[in-house]
Amino acid sequence: MATSDEGYQHIEHGFEPVFDECSRVLVLGSFPSVLSRANAFYYGNPQNRFWRVMAACLGVPVPPNEGDLLAGSEPATLDASIAAKRFMLLNGGVALWDVIESCDIKGSSDASIRNVVPAHIECITDVAPIEQVICNGGTAGRLYKRYLQERTGLPAIVLPSTSPANAAWRLERLVERWRESVDWVAL
């Protein structure tokens, strides 16, 4: 007989936020996907449009994914991919983390998230002069409002998810919506 816990795993986030003392915009997801957890970095599913959206908003080239060919025709390593993504964010004044530090979850399904332990957001807000919080998708927005907004004192802009599951939003439409929400040039 199946139990209601079938398929659930208790998962710890597993990797650190991206930020520095110049980060002014904080982008929060809900919790890392299975692929992101395997790669130990954010938005590890190549079908997720996050890196393409951020690059467009910041007006820079899209950082490579692991295996993408670099200028010298060498494939990018996972470490090189992560370094390029971190550089793009930090150079653009963007901090990145997730609302959840640990939870019970089935695979990568945001809809299955339960037993939430929220992230210790103060590790970012005590260091970086965050002026704006952006939540990548409705689940991140709801969880931020429930667990973290009171602690940061900042309301969040909830933007459409860059997840491939959000097929209703084509890349061009996502970029337009994300661009109009933040003055990325001022960063």
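Biologist: Which residues form the aromatic cluster?

Modeller: Phe15, Phe41, Tyr42, Tyr43, Phe50, Trp51 and Trp178 form one aromatic cluster. This is a predicted model, in which local features need pLDDT of at least 70 and side-chain atom pairs count only at pLDDT 80 or more, while totals for chains, interfaces and linings use all residues. Residues are numbered from 1 along each chain as its sequence is written, and side-chain values use heavy atoms, with hydrogens and water left out.

Biologist: How many aromatic pairs does a search of the whole structure find?

Modeller: The search finds 7 aromatic pairs. In one of them, Phe15 and Tyr42 have ring centres 4.8 Å apart and planes at 80° to each other.

Biologist: Why is the pair of Phe15 and Tyr42 called edge-to-face?

Modeller: Rings of Phe, Tyr and Trp (its six-membered ring) pair if their centres lie within 6.5 Å; planes under 30 degrees apart count as stacked, over 60 as edge-to-face and the rest as tilted. The distance of 4.8 Å is within 6.5 Å and the angle of 80° is over 60, so the pair is edge-to-face.

Biologist: What makes this a link between distant parts of the chain?

Modeller: Phe15 lies in the loop between strand S1 (9–12) and strand S2 (25–29), whereas Tyr42 lies in the loop between helix H1 (34–39) and helix H2 (50–58), 27 residues apart. Helices (H or I, at least four residues) and strands (E, at least two) are DSSP runs, numbered from the N terminus. Phe15 and Tyr42 are both buried. Tyr42 also forms an edge-to-face pair with Phe41, at 5.2 Å between centres and 75° between planes.

Biologist: Why is Tyr43 called buried?

Modeller: Buried means under 20% relative accessible area, exposed over 50%, and partly exposed in between (1.4 Å probe, protein chains only). Tyr43 has 12% relative accessibility and therefore counts as buried. Tyr43 lies in the loop between H1 and H2 and has a positive phi of about 50° although this residue is not a glycine.

Biologist: How do you know that a charge sits over the ring of Tyr8?

Modeller: The rule asks that NZ of Lys or CZ of Arg be within 6 Å of the ring centre and within 35 degrees of the ring normal. The charged end of Arg114 sits over the ring of Tyr8, 3.6 Å from its centre. Arg173 lies over the face of Trp169, at 3.7 Å from the ring centre.

Biologist: What makes the link between Thr152 and Tyr144 a polar contact?

Modeller: A polar contact is a pair of N or O atoms within 3.5 Å; within protein, one must be able to donate a hydrogen and the other to accept it, and residues adjacent in sequence count only if both atoms are side-chain atoms. The side chains of Thr152 and Tyr144 are joined at 2.5 Å, which is within 3.5 Å, and therefore the link counts. The side chain of Thr152 also reaches the backbone nitrogen of Leu154 at 3.1 Å. Thr152 is in helix H6 (residues 149–152) and, at 18% relative accessibility, counts as buried.

Biologist: How do you know that the buried residues of helix H7 lie on the same side?

Modeller: In H7 (residues 171–181), Leu174, Val175, Trp178 and Ser181 are buried. They cover an arc of only 135° around the axis, which puts them on the same side of H7; the arc is that of the directions from the helix axis to the C-beta atoms. On the other side of H7, Glu172, Glu176 and Glu180 are exposed. The cover over the buried residues of H7 includes S2, H2, strand S6 (132–136) and strand S7 (156–159).

Biologist: What makes a group of residues a nonpolar core?

Modeller: Such a core is a set of buried Ala, Val, Leu, Ile, Met, Phe, Trp, Tyr and Cys residues joined through side-chain atoms within 4.5 Å. The largest one has 50 residues, and those with the most contacts inside it are Tyr42, Trp51, Leu96 and Trp178. H2 gives the most to this core, with 7 residues.

Biologist: Which residues does Leu96 touch?

Modeller: Contact means heavy atoms within 4.5 Å. Not counting residues up to four places away in sequence, Leu96 touches Pro17, Val18, Leu26, Val27, Tyr42, Tyr43, Phe50, Trp51 and Leu89.
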